[in-house]
Amino acid sequence: MNLTPEQIAAAQKANLETLSGLTNQALQSIEKLVELNMHIAKQSLSDSMNSAKKALEVKDIQQLLAHQAEAVQPMAEKIMAYSRHLYELAHETQNSFTQSAEKEFQAGQKKINSLVEEWTQNAPAGSDAAVQVMKQAIASANNVFETSQKAVKHAVEVAQTNLSGATETVLKTADKASKATKKK
């Protein structure tokens, strides 16, 4: 089971292409994160200026409290929206990397299976036990990979559910705080 120089060169080329693809995916994710942060920075600056202008117009403590109460809920909503965008970006990036990993794993699996088949055809007589062990090891590796993928997908679903619940709780709490401040 010797690899030829052509096989080694092809494997290296495939690895380089994979690395290039993963690097491009990472750079696209970073670019989206920078765009999101720039948008948030511009929006925050605008909101801060508007809030400062309103604060300068305050004539008594009641108006100040009302002004602060008005700012609480929109701020909480913006923070939660930002968190959702970050989560979606991370989820999108994770999906992209997972798809690449699955593709590479499947390609590697095909190569290994073909090598094992080649090896078993050229194996000396009486090596059936070794061939069987090799095939069982490959099947076990496949099962581990599939189980890991299922666990990751389940963890992502749980995280998404928890984020949704936390978002709802924060928004309700901010709404209650805003209403309580307005009543005073």
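The chain has three helices and zero strands (DSSP runs: H or I of at least four residues for helices, E of at least two for strands, numbered from the N terminus). From the N terminus, the order is α-α-α. The chain is more spread out than a compact globule, because its radius of gyration is 28 Å, well over the 16 Å that the globule rule gives for 184 residues. That radius is taken over C-alpha atoms, and the rule is 2.2 Å times the number of residues to the power 0.38. Along the principal axes, the C-alpha atoms fill a box of roughly 95 × 30 × 10 Å.

This is a predicted model, in which local features need pLDDT of at least 70 and side-chain atom pairs pLDDT 80 or more, while totals for chains, interfaces and linings use all residues. Residues are numbered from 1 along each chain as its sequence is written, and side-chain values use heavy atoms, without hydrogens and water.

Start with helix α1, residues 5-56. Its 52 residues should span 76 Å at 1.5 Å a residue, and its end C-alpha atoms are 76 Å apart, which agrees. The expected span is 1.5 Å times one less than the number of residues. Thr18, Gln25, Ser29 and Leu36 are buried in α1 (under 20% relative accessible area, 1.4 Å probe, protein chains only). The buried residues of α1 pack against α2 (61-122).

Now take the whole chain. Buried residues make up 14% of its 184 residues. Of the contacts (heavy atoms within 4.5 Å) between residues at least 6 apart in sequence, 79% join residues at least 24 apart.

Definitions and conventions
Buried means under 20% relative accessible area, exposed over 50%, partly exposed in between (1.4 Å probe, protein chains only).
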